[in-house]
Amino acid sequence: MNDAPHIHPTKRESAASGAPTPLFGKAADSFVQQLRLASQAHRAGRLDEAISSYLRLLAVRPDHAELHNNLGVALRLAGKLEASVSHHRLSLAADPGNPALHSNLGNALRAVHRLDEAVKHHYRSIALSRDYAEGFFNLALCLRDLGRLDEAIGCFSRALTIHPDNRRARVEFAITLLMRGELAVGFDAYEIRKRLPETPTPDFVQPAWAGEPVQGKRILLYPEQGLSDVLLFVRFARELKRRGATVVVLCQALLKDLLRSADYIDEVVAEGEKVPEFDLHASLVSLPHLCRADFVALAAEPPYLRAPEESRIKLGRLERAKLRIGIYWAAMPGQAQDHQRSVPFEHFLALSGDPELLFFSLQGGVHQKDIQAFGAGGLVHDVGRGIFDFAEAATALSQLDLLISIDAPVAHLAAAMGVKTWVLLPSTADWRWQLGGTAAPWYPSARHFRQIVPGTWHDVFTDLRRELDVLKKCTITPSSS
């Protein structure tokens, strides 16, 4: 979504005109000045201050379209989604012919996952203005959420025809190509993300690697985004090693001991530690593009991550249990789409009570408390409390027959190790898992279970239970020794 306060034109009535409206005790503090100050606070990310200011101004001008619009945007950014939708409706009621207000209401409706209604308002915005690039862009995002990728690509293309220098539209267009499985052209197009202000720019004097021969060179690979991307794309370090490079990986501290066990990495340094000498550098996310990856061949490659040889974690067995199953159900609070990706613990708890299944929780963070809160301490063994980095997580995973996980770093780790992994995905999943189907090209051992109805996990767990029954029938009970 690309809405922002005080940028979309509203009809002339919505801007203050005539004599200034005295506010807060001083005649000089005009309505326009106060709205400008509130918008500046909004842009600076001081949302509480901006919301308070907008509310005070609404007490004076309760039917002001721009005020309701700006307040709706600020409330959405603050996570107060239903209130955001209502203020956008009031904004539109005050200025019904404004395409920007239709589009911003569509953005708010998208945030509360009312996608069909959102699409209607986005279509109305572009019907009102056929050259409204933001309307086409926002419509494309909604269509992509609905899985209508061809239509989304058409709308992104139209937005870029109108504003070809819109970098964010180019990034989202590239992500849509990746979701559609057009990996080579998608990763090529995705390089434009480096020109967005939020993409970290490394402060290195050495040149960036552009794909040239690396024989005899020391190349530093650095993390650009999150833990999952390191776990997913570090596989391409193996290709650089084949080409004769000395590979140094800079990573998050939680990953250091895990990556040190990879025989294709020469040196691992954690963020905050002194970086060793190197000749070239590259973002891990850029490696599929720079290495000109053969995505078809990925499925035939062996697992590229493994557990360290020594660990203090040891999972037990029960005599009748055929399968040792790890579970992970909740994203860390504050992560992107954490609520959408997370699964209520009750769904996993309903799988218990079968003597042939032995469950181990790898859950970290505050949601570890769910086990005790639901009285499941005797049904799910809490291993997560003893896991402090990804090396220890890997040793636990290496002892499992199956991991059932939401879209989380532990799912990438398990699949990278070749562990049988069932990934539970919302209807609109992250591009790294692609759209549709039961598999992505990265991980031969991973299988996707995706929502049919947005926000509903019932059908997902119906399928999952059926597949668990099949898996049990194919599994011989191990000895208890």
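**Working chat: loops, salt bridges and a pocket**

Colleague: Where is Arg 292 found?

Modeller: Arg 292 sits in the loop between helix H14 (287-290) and helix H15 (295-298). Helices (H or I, at least four residues) and strands (E, at least two) are DSSP runs, numbered from the N terminus. This is a predicted model, in which local features need pLDDT of at least 70 and side-chain atom pairs count only at pLDDT 80 or more, while totals for chains, interfaces and linings use all residues. Residues are numbered from 1 along each chain as its sequence is written, and side-chain values use heavy atoms, with hydrogens and water left out.

Colleague: And what is the phi of Arg 292?

Modeller: Arg 292 has a positive phi of about 50°, although it is not a glycine. Its relative accessible area is 61%, which means that Arg 292 counts as exposed; the cut-offs are under 20% for buried, over 50% for exposed and partly exposed in between, with a 1.4 Å probe and protein chains only.

Colleague: What about the phi of His 113?

Modeller: The phi of His 113 is near 65°, again a positive value in a residue other than glycine. His 113 belongs to the loop between helix H5 (99-111) and helix H6 (115-128), and because its relative accessibility is 46%, His 113 is classed as partly exposed.

Colleague: Back to H14: which loop holds Ser 286, and is Ser 286 buried or exposed?

Modeller: Ser 286 is in the loop between strand S4 (280-283) and H14. It is buried, because its relative accessibility is 0%. Leaving out residues up to four places away in sequence, Ser 286 touches Glu 191, Arg 193 and Lys 194, where contact means heavy atoms within 4.5 Å.

Colleague: New topic: how many salt bridges are there?

Modeller: The count comes to 30 salt bridges, each being a side-chain nitrogen of Lys or Arg within 4 Å of a carboxyl oxygen of Asp or Glu. One of them joins Lys 472 to Asp 354, with the closest N and O atoms 2.4 Å apart. That pair links distant parts of the chain, since Lys 472 is in helix H21 (residues 458-473) and Asp 354 is in the loop between helix H17 (345-349) and strand S6 (357-361), 118 residues apart. Both Lys 472 and Asp 354 are buried.

Colleague: How far apart are the closest N and O atoms of Asp 257 and Arg 260?

Modeller: In that salt bridge they are 3.3 Å apart. Asp 257 is partly exposed because its relative accessible area is 36%, whereas Arg 260 is exposed because its value is 55%.

Colleague: And what do the side chains of Asp 430 and Arg 432 do?

Modeller: They meet in a salt bridge, at 2.8 Å from N to O. Asp 430 is partly exposed because its relative accessibility is 25%, while Arg 432 is buried because its relative accessible area is 9%. Elsewhere, salt bridges that share partners join Lys 322, Asp 354, Glu 356, Asp 469 and Lys 472 into one network.

Colleague: Pockets next: which residues lie nearest the centre of the second largest pocket?

Modeller: Tyr 328, Met 332, Leu 362, Gly 364 and Phe 390 lie nearest its centre, out of 21 lining residues. Helix H19 (390-397) and helix H20 (409-416) are the elements that give two or more residues to this lining. On a 1 Å grid over the protein atoms alone, a cavity is a set of points where a 1.4 Å probe fits but cannot get out, and a pocket is an open set with protein on both sides within 12 Å along at least five of seven lines; lining residues have an atom within 4 Å of a point.

Colleague: How many of the lining residues are nonpolar?

Modeller: The lining of the second largest pocket has 13 nonpolar residues, with six polar and two charged. Ala, Val, Leu, Ile, Met, Phe, Trp, Tyr, Cys and Pro count as nonpolar, Asp, Glu, Lys and Arg as charged, and the others, Gly among them, as polar.

Colleague: You named H19; how many of its residues are buried?

Modeller: Eight of its eight residues are buried, among them Phe 390 and Leu 397. What covers the buried residues of H19 includes helix H11 (227-233), helix H13 (256-259), strand S8 (402-406) and H20.
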